[in-house]
Number of protein chains: 6
Amino acid sequence: MAFLSMELADLVKHRPERTEPDDFDTFWADTLAEARAAAPAGLRAEEVATGLTTVGVQDVTFPGFGGQPVRGWLVRPRGVEGPLPAVVTYVGYGGGRGLPHDHLLWASAGYAQLVMDTRGQGATWSVGDTPDDGPGAGPAYPGSMTRGVLDPATYYYRRVFTDGVRAVDAIRTYPGIDAERVLVAGISQGGGIAIAVGALVPGLAGVVADVPFLQNIRRATEITDEMPYKEVADFCKTHRDKVETVFGTLSYFDGLNFAARGTAPALYSVALMDEICPPETVYASYNHYRGPKEISVYTYNGHEGGGGHHVPVALGFAASVTRER
Amino acid sequence: MAFLSMELADLVKHRPERTEPDDFDTFWADTLAEARAAAPAGLRAEEVATGLTTVGVQDVTFPGFGGQPVRGWLVRPRGVEGPLPAVVTYVGYGGGRGLPHDHLLWASAGYAQLVMDTRGQGATWSVGDTPDDGPGAGPAYPGSMTRGVLDPATYYYRRVFTDGVRAVDAIRTYPGIDAERVLVAGISQGGGIAIAVGALVPGLAGVVADVPFLQNIRRATEITDEMPYKEVADFCKTHRDKVETVFGTLSYFDGLNFAARGTAPALYSVALMDEICPPETVYASYNHYRGPKEISVYTYNGHEGGGGHHVPVALGFAASVTRER
Amino acid sequence: MAFLSMELADLVKHRPERTEPDDFDTFWADTLAEARAAAPAGLRAEEVATGLTTVGVQDVTFPGFGGQPVRGWLVRPRGVEGPLPAVVTYVGYGGGRGLPHDHLLWASAGYAQLVMDTRGQGATWSVGDTPDDGPGAGPAYPGSMTRGVLDPATYYYRRVFTDGVRAVDAIRTYPGIDAERVLVAGISQGGGIAIAVGALVPGLAGVVADVPFLQNIRRATEITDEMPYKEVADFCKTHRDKVETVFGTLSYFDGLNFAARGTAPALYSVALMDEICPPETVYASYNHYRGPKEISVYTYNGHEGGGGHHVPVALGFAASVTRER
Amino acid sequence: MAFLSMELADLVKHRPERTEPDDFDTFWADTLAEARAAAPAGLRAEEVATGLTTVGVQDVTFPGFGGQPVRGWLVRPRGVEGPLPAVVTYVGYGGGRGLPHDHLLWASAGYAQLVMDTRGQGATWSVGDTPDDGPGAGPAYPGSMTRGVLDPATYYYRRVFTDGVRAVDAIRTYPGIDAERVLVAGISQGGGIAIAVGALVPGLAGVVADVPFLQNIRRATEITDEMPYKEVADFCKTHRDKVETVFGTLSYFDGLNFAARGTAPALYSVALMDEICPPETVYASYNHYRGPKEISVYTYNGHEGGGGHHVPVALGFAASVTRER
Amino acid sequence: MAFLSMELADLVKHRPERTEPDDFDTFWADTLAEARAAAPAGLRAEEVATGLTTVGVQDVTFPGFGGQPVRGWLVRPRGVEGPLPAVVTYVGYGGGRGLPHDHLLWASAGYAQLVMDTRGQGATWSVGDTPDDGPGAGPAYPGSMTRGVLDPATYYYRRVFTDGVRAVDAIRTYPGIDAERVLVAGISQGGGIAIAVGALVPGLAGVVADVPFLQNIRRATEITDEMPYKEVADFCKTHRDKVETVFGTLSYFDGLNFAARGTAPALYSVALMDEICPPETVYASYNHYRGPKEISVYTYNGHEGGGGHHVPVALGFAASVTRER
Amino acid sequence: MAFLSMELADLVKHRPERTEPDDFDTFWADTLAEARAAAPAGLRAEEVATGLTTVGVQDVTFPGFGGQPVRGWLVRPRGVEGPLPAVVTYVGYGGGRGLPHDHLLWASAGYAQLVMDTRGQGATWSVGDTPDDGPGAGPAYPGSMTRGVLDPATYYYRRVFTDGVRAVDAIRTYPGIDAERVLVAGISQGGGIAIAVGALVPGLAGVVADVPFLQNIRRATEITDEMPYKEVADFCKTHRDKVETVFGTLSYFDGLNFAARGTAPALYSVALMDEICPPETVYASYNHYRGPKEISVYTYNGHEGGGGHHVPVALGFAASVTRER
């Protein structure tokens with residue numbers, strides 16, 4: 001996408017109206033209460049033999065939406081005395097928690113990392129192990145974006161965001177972790193989950209959202225032809241009479257409404273040639289973000305964003321917000 | 001696909017080895033028994049206002065897998081005294097039962113037609129209304145082909161084929177239908193379901209399977225790059241360690257094993273340039289088919305197959321097998 | 001085409017200047033007079049064996065441009081006493097009249113339907129049987145759009161629109177048809193022909209034009225890369241010195257000039273993501289339409305438009321304009 | 001097309017059976033006699049102002065099929081005393097005679113060149129000026145390949161090959177041309193025409209056919225997905241019931257049947273990665289060629305063939321066969 | 001590219017700010033002085049046997065950047081008394097000087113033509129024979145656009161533009177050439193080189209720049225996805241921290257800065273649907289051009305521009321500026 | 001690439017003839033001797049601040065081909081007493097050494113890793129910092145594959161393979177490294193370099209070559225359309241007269257000739273749907289490999305190969321060959 005739909009000078013000021021249902025907060029309060037009632041926070045962990053010497057990896061399970069077991073990896077530096085700061089990371093669309101060796105960065109930098117598996121995903125590019133036990137809820141376009149989309153109660157991301165919150169609950173209970181110094185982080189879908197969790201869990205040390213997905217969703221479906229936003233457009237293309245129902249549901253899950261509630265320090269990144277998560281939608285979220293914030297801009301990049309060039313920025317941000325005072 | 005992978009002279013003799021699990025028949029007998037135990041056969045019907053004068057359409061529901069409600073349309077010629085011969089039709093991949101006006105052919109030719117909705121599908125090209133209430137069963141590649149594929153018990157098509165059988169059960173109970181003169185029919189996935197149902201339900205008048213999908217599945221994943229067979233290949237691409245598990249499951253659902261059991265008269269069609277359901281896989285099924293059979297060959301066609309040119313052939317076949325004697 | 005070139009709020013007001021040659025009316029009056037002089041209106045019909053019981057189909061021929069024989073299908077409900085209201089339908093680009101079973105809708109709803117074959121087309125997606133005996137008129141880009149385009153007298157659509165008018169003339173002469181209750185209808189090219197015929201034939205009951213082609217042609221060649229408008233652009237790309245000649249010819253055939261003359265009640269449909277017949281060009285026509293009019297808007301659709309969701313709308317419109325008073 | 005369908009070692013021996021109608025020779029004898037009866041050979045020429053100093057260009061017209069006027073360019077070196085050897089060149093698919101400056105090579109090498117316009121083409125890549133006044137003959141797939149294909153008498157290439165013959169007739173009558181030293185030449189479709197004309201006109205000095213089209217047509221439609229052979233495949237895809245009719249017609253026009261009759265010295269070229277005119281079909285023709293012959297093989301080339309590297313080869317061949325003895 | 005990013009009415013006034021380094025003139029004066037010091041102007045020529053009779057071709061070598069030998073072809077009409085006007089032509093991106101028979105136009109029109117090989121190119125579409133002996137200068141994206149781009153001193157086009165200047169120096173020394181009547185010309189990259197050379201060499205008779213590349217480079221990388229501008233965008237995509245360095249270098253090579261210095265009469269051409277060298281960038285250059293100028297506009301064309309239709313325009317322009325007074 | 005060109009049963013036996021120049025060994029002995037004479041082995045290292053705690057990273061430089069400085073990263077576990085086993089890794093095509101955080105695996109597993117930058121590459125997907133100071137050597141197709149390909153002495157990979165050898169020389173001199181326990185490893189191009197270095201350097205502990213590139217090159221250019229093998233095919237497409245010269249040069253660099261000389265234990269991996277490095281070419285190399293060897297086969301994978309699933313296999317192999325005895 002070379003053609004700039006909106007120049008940077010306009011993007012930095014772009015703050016479109018949000019569409020927020022009246023019962024947004026109730027909906028989420030009820031959802032989380034229900035999940036927490038279903039099972040107490042906790043993390044079951046089993047050591048994995050990896051051949052690695054500097055870090056240790058555990059195969060973990062914690063209760064997510066409806067108390068259903070959600071898988072993950074817990075990766076920690078070996079031979080370090082805690083309590084450690086921690087990062088809960090969420091995975092990009094279509095992938096799962098992957099394999100132990102995929103997650104060396106945060107532990108190598110001195111953090112405990114909890115990689116949350118994304119229910120029902122985990123076959124497109126990295127493997128997953130967590131089923132999505134949500135209720136069947138009518139037809140869906142291939143992928144996860146329209147699963148149960150005709151009702152907020154059955155919509156897929158209700159379960160996923162809840163899992164994300166419960167991952168934070170879980171890591172905070174774990175021995176050797178400093179519950180006050182927990183960040184949430186992710187790229188694309190992972191960034192979208194991080195923004196949602198950042199608004200739903202108090203007391204987080206920081207939110208790292210790279211080229212986040214699930215922001216300003218309706219607008220996104222109007223301006224990009226790329227999956228996965230296009231899953232929604234294609235659903236509406238077939239279900240011509242369900243357009244308003246669909247976007248009614250999605251207003252409970254749009255990142256703009258979470259951004260407007262987030263208070264933890266946030267680091268965003270945006271790529272100006274990103275066709276998958278258009279810069280217009282990322283800035284819409286960033287400009288609504290309520291807490292302290294900064295954003296890294298990558299001019300000639302698509303959805304790969306800052307890549308390795310952004311790693312030191314993210315490490316620096318994490319260090320600054322987890323520094324013990 | 002202009003390049004012929006196998007010349008017609010070879011196709012007509014192509015009859016590859018089948019891979020059949022020892023408990024294939026038990027698996028299906030148990031599955032159907034369980035479904036029938038969950039709910040008695042029956043069809044709830046509600047008249048639909050369509051503006052049509054020659055045919056009447058009803059919105060119907062019948063118990064499918066696990067007794068779960070499956071939707072459909074029942075379309076019948078108006079003003080005709082029964083009992084009518086009937087055709088149960090199954091829909092192509094990604095679609096649902098669609099809209100009433102989509103189904104005028106069979107009723108215009110004097111048949112009652114029951115269009116079965118395909119659970120969980122119905123968003124890609126035609127609308128559907130039936131959720132898939134199957135158990136969450138691990139990660140899946142977008143689409144239906146790998147949903148629950150790590151275990152035959154949780155695999156998606158276990159539910160769909162059972163729905164297909166129960167659709168026949170349902171129509172046979174309906175007033176004004178001649179239970180002895182019921183055909184099953186479908187194109188692509190619909191043809192694959194028809195072949196399976198044809199082997200699982202005794203006493204059918206005929207099976208019409210156009211360019212059927214789900215035949216010789218493993219081979220198909222090796223020779224075509226097209227969806228939906230490619231969903232399986234892509235799942236295996238990510239889950240490199242699950243290849244044998246996947247094909248172990250699929251052997252319970254491969255059309256070749258149903259074809260080898262089908263005894264009702266069958267009409268197949270095949271398109272020699274079909275990249276989605278390669279002719280090699282269709283002939284593999286046809287050549288294993290146990291009952292009386294005929295096949296229409298369309299030389300320069302892809303997956304659109306015989307299209308309108310095949311309609312009179314199918315009507316002629318249906319007439320010949322439902323003719324009262 | 002996700003990217004909106006023009007927002008809906010602007011589309012509904014979009015009414016660009018028309019380019020109309022001074023002798024537009026004379027050109028068409030002369031053309032039709034000549035065609036009518038060549039042969040009297042009439043319809044030769046031969047029964048076709050279809051295996052259908054609720055409707056009857058006849059293979060028909062009527063005199064078109066220059067009195068040349070044009071083929072079609074006449075489909076009627078069986079066992080209904082007339083006189084029947086009738087719909088003359090025109091086919092989309094590249095297709096022909098197709099096969100009898102393709103045309104069950106209107107007859108099932110109580111109308112006589114005359115499906116007009118499109119001369120010289122009928123090989124791309126549905127079969128046709130009518131040659132185009134027009135004069136050779138210089139080079140043409142593959143397809144029909146530039147056949148004879150260097151002169152209005154030799155241009156392909158002069159013959160086609162005239163055929164379309166003569167189809168109405170023909171059906172009006174036919175026994176059992178109510179000449180006062182004739183509609184013209186079509187999708188894409190068919191809709192473009194319907195709009196033209198609607199302006200050239202007085203006394204029509206209605207015009208149904210779905211995602212119509214051939215509206216605001218010059219603008220279309222500037223904003224879409226899709227065939228068939230692109231045939232014109234590609235012709236001009238090679239014939240760099242003929243651009244004004246080409247558009248001079250096309251001004252005699254642009255739907256905007258017909259819309260401005262149409263007085264029968266009209267039902268348009270438009271798809272906001274239609275790249276083949278861009279919404280801007282459809283609204284340009286609709287906003288110039290002179291008679292009573294309504295339009296159905298399909299937001300997330302491309303050129304498939306309203307599909308089955310639009311069928312009840314069209315049936316309702318037809319019923320309202322053919323209701324006997 | 002990197003994948004070799006047939007290795008070179010096999011290609012050089014590849015000589016498939018020809019399909020030749022019994023009345024092939026009669027068909028062509030009658031066709032040519034009729035054309036010659038319609039108008040005497042001759043060339044009307046008008047000087048063109050080109051700004052060129054070393055060569056002169058004339059805009060010419062000669063009688064082709066049915067005596068219809070066919071356009072061309074006559075390009076000759078200035079200030080050279082004749083009689084000159086001449087080359088009649090035919091144009092590749094979709095193009096026309098182009099513009100005067102496109103044709104400098106042969107005149108710069110001392111030949112008179114007659115560039116024949118291809119009727120009805122001339123809009124895809126180079127401009128043309130000759131209409132195709134053939135009878136309308138049923139539906140055709142966009143392009144020229146299926147125009148009138150349901151009958152040899154109405155088939156497009158009947159007219160084109162006849163034009164090609166009449167172009168030789170015409171140049172041989174022209175002052176300053178040595179009628180004994182006339183070659184025919186062309187690339188792709190031009191090469192196909194040259195092979196046909198080479199078999200239909202006695203006494204030619206040579207035939208130059210580069211990557212010739214229209215050789216072993218039925219086989220080509222089975223092994224390539226590329227236009228223009230695909231026009232035939234796509235016609236058959238829609239007209240499923242006309243496959244044998246189509247190839248019955250095409251057997252009167254297949255280059256293999258002309259090659260088997262050609263006696264003038266021939267220079268072929270073939271490109272081993274040519275997907276448009278697959279090497280298998282070119283060798284099929286070459287290996288059937290009856291007269292003295294040679295072939296240049298370009299290994300890593302597609303349909304662009306030998307390009308500029310082949311020019312000296314062609315000039316050398318032309319020099320050797322036109323050398324005065 | 002059908003979609004107009006900027007209407008013609010705006011293009012003709014489009015004159016964006018230039019970005020010009022302070023030492024632009026010094027940089028080029030030093031560069032040329034150095035090159036001229038390395039070797040005196042001159043042209044070594046060797047006759048080539050081509051089989052052509054109206055023109056003669058010589059294989060030539062002249063000293064370019066750093067005195068390095070640059071190859072070319074010198075093509076002249078035979079049997080004409082000089083001194084001849086001359087045209088130095090530069091080749092489009094990826095190509096080399098090609099083969100002798102590729103260059104017949106200018107000589108056929110009475111000019112001597114020096115075709116300059118482009119160092120290091122000459123493999124993508126036409127062959128070249130001149131190596132690029134520039135210093136290795138860090139990583140580069142495949143192609144020539146980013147070779148040495150981290151420093152103006154090592155940048156690839158410093159060498160190429162200098163070669164272009166030295167080509168003019170060389171031809172002016174050659175016997176039989178009129179040094180006062182030398183034009184520079186080229187298409188795309190060739191046009192970009194011509195504009196640069198036109199500003200760096202005094203006393204040229206004219207500059208012919210068709211759809212010129214290398215104009216308003218930074219803007220081009222923002223609005224087109226096409227190679228070769230995209231090579232720069234892709235380099236920046238990977239080297240996220242070098243964006244300003246890259247465009248700092250490129251400001252020494254941007255055609256706008258040369259156009260603002262060009263005083264010879266110039267003929268531009270522009271194609272309004274050109275995605276490779278967008279019309280916006282061509283007009284940006286044209287509107288900054290300082291000398292007498294004219295521009296040909298091709299409306300429905302992409303990067304092929306005016307093609308053969310533009311040849312007479314270019315010949316007419318060349319005649320008018322080389323006419324002896 | 002679903003279509004299997006060669007079944008696995010045939011692949012495991014596929015051992016085509018090698019094309020080896022007589023002076024292959026001399027060529028490489030001379031090349032290495034010259035490089036070693038130019039500069040003594042050694043590694044200059046500078047600590048990099050990374051924010052990482054478990055591993056340390058150094059920015060290193062060592063003398064490569066012609067003694068030219070080659071960059072790299074040296075990554076080592078912190079706080080571990082040596083001497084450490086080491087892995088020299090080579091990068092895939094188009095990339096450079098990347099950024100420090102990209103290389104955590106080997107150090108996390110207890111190895112010192114030297115990442116060698118690839119000269120002149122490092123802009124397509126990961127950044128590089130090493131220029132290619134080779135002699136200009138005629139035209140090249142964009143990319144590295146044909147740089148200097150007309151002569152083995154100037155060919156690009158002569159310099160790269162020599163750099164690869166010198167990287168091993170360098171690491172062996174470094175304090176804290178066990179010179180007896182050095183592996184070479186790489187994916188794709190990196191695997192091709194590893195195979196070459198494995199044959200050129202005695203005493204290596206092991207060679208890890210994943211989906212290696214540069215094996216059986218001529219065959220590869222005949223059976224794949226994918227870059228970068230296609231760079232060679234495209235060069236030959238333009239330079240039709242240089243085909244044998246090109247493959248003459250490449251025979252000095254073909255992995256089959258190195259494999260036939262490699263004696264260190266080797267671990268290959270191959271992906272059966274790899275279109276970039278076709279399995280046929282990988283097995284050709286593997287089957288010629290002279291030393292102890294094993295191969296991992298990934299059935300449904302393309303050029304991504306075993307990905308994370310292969311990591312434990314590679315770690316296990318490395319552990320087994322570096323185990324101190």
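User: Is B:R71 buried, partly exposed or exposed?

Analyst: In this predicted model, B:R71 has a relative accessible area of 25%. Buried would need under 20% and exposed over 50%, so B:R71 is partly exposed.

User: Which side chain does B:R71 meet in a salt bridge?

Analyst: B:R71 belongs to strand β3 (residues 69–77) of chain B, and its partner is in strand β2 (residues 55–63) of that chain, 12 residues apart. The N to O distance is 3.1 Å, and a salt bridge requires the nitrogen to be within 4 Å of the carboxyl oxygen. The partner is B:D59.

User: In the salt bridge of D:R147 and D:D132, which residue is buried?

Analyst: The closest N and O atoms of the pair are 2.9 Å apart. Both residues are in the loop between β5 (112–116) and α4 (156–173) of chain D, 15 residues apart. D:R147 has 24% relative accessibility and therefore counts as partly exposed. With a relative accessible area of 10%, the buried residue is D:D132.

User: How many residues apart are E:R261 and E:D25?

Analyst: These two form a salt bridge, with the closest N and O atoms 2.8 Å apart. E:R261 is buried at 19% relative accessible area, whereas E:D25 is partly exposed at 46%. E:R261 is in the loop between α9 (255–259) and β8 (266–271) of chain E, and E:D25 is in helix α2 (residues 24–38) of chain E; the pair links distant parts of the chain, and the separation is 236 residues.

User: Which strands stand at the edges of the open sheet in chain F?

Analyst: Nine strands form this sheet, in the order β1-β2-β3-β5-β4-β6-β7-β8-β9, with mixed pairing. An edge strand has a single partner, so one side of it is left without a neighbour in the sheet; in chain F these are β1 (44–48) and β9 (293–298).

User: Which residue stands opposite F:Y268?

Analyst: Strand β8 (residues 266–271) of chain F is joined to β9(F) by six bridges, and the two run parallel. The residue opposite F:Y268 is in β9(F), namely F:I295.

User: At about what angle does helix α5 of chain F run to β6(F)?

Analyst: Helix α5 (residues 189–200) lies across β4 (84–90), β6 (177–187), β7 (206–210) and β8 of chain F. Its direction relative to β6(F) is about 140°.

Note on methods: Residues are numbered from 1 along each chain as its sequence is written. Chains are lettered from A and ligands numbered from 1 in the order in which they are written. This is a predicted model: local features need pLDDT of at least 70, side-chain atom pairs count only at pLDDT 80 or more; totals for chains, interfaces and linings use all residues. Side-chain values use heavy atoms; hydrogens and water are left out. Two strands pair if DSSP finds at least two bridges between them. Helices (H or I, at least four residues) and strands (E, at least two) are DSSP runs, numbered from the N terminus. Contact means heavy atoms within 4.5 Å. Axes are lines fitted to C-alpha atoms, for helices over the stretch in contact, and angles run from 0 to 180 degrees between N-to-C directions. Buried means under 20% relative accessible area, exposed over 50%, partly exposed in between (1.4 Å probe, protein chains only).
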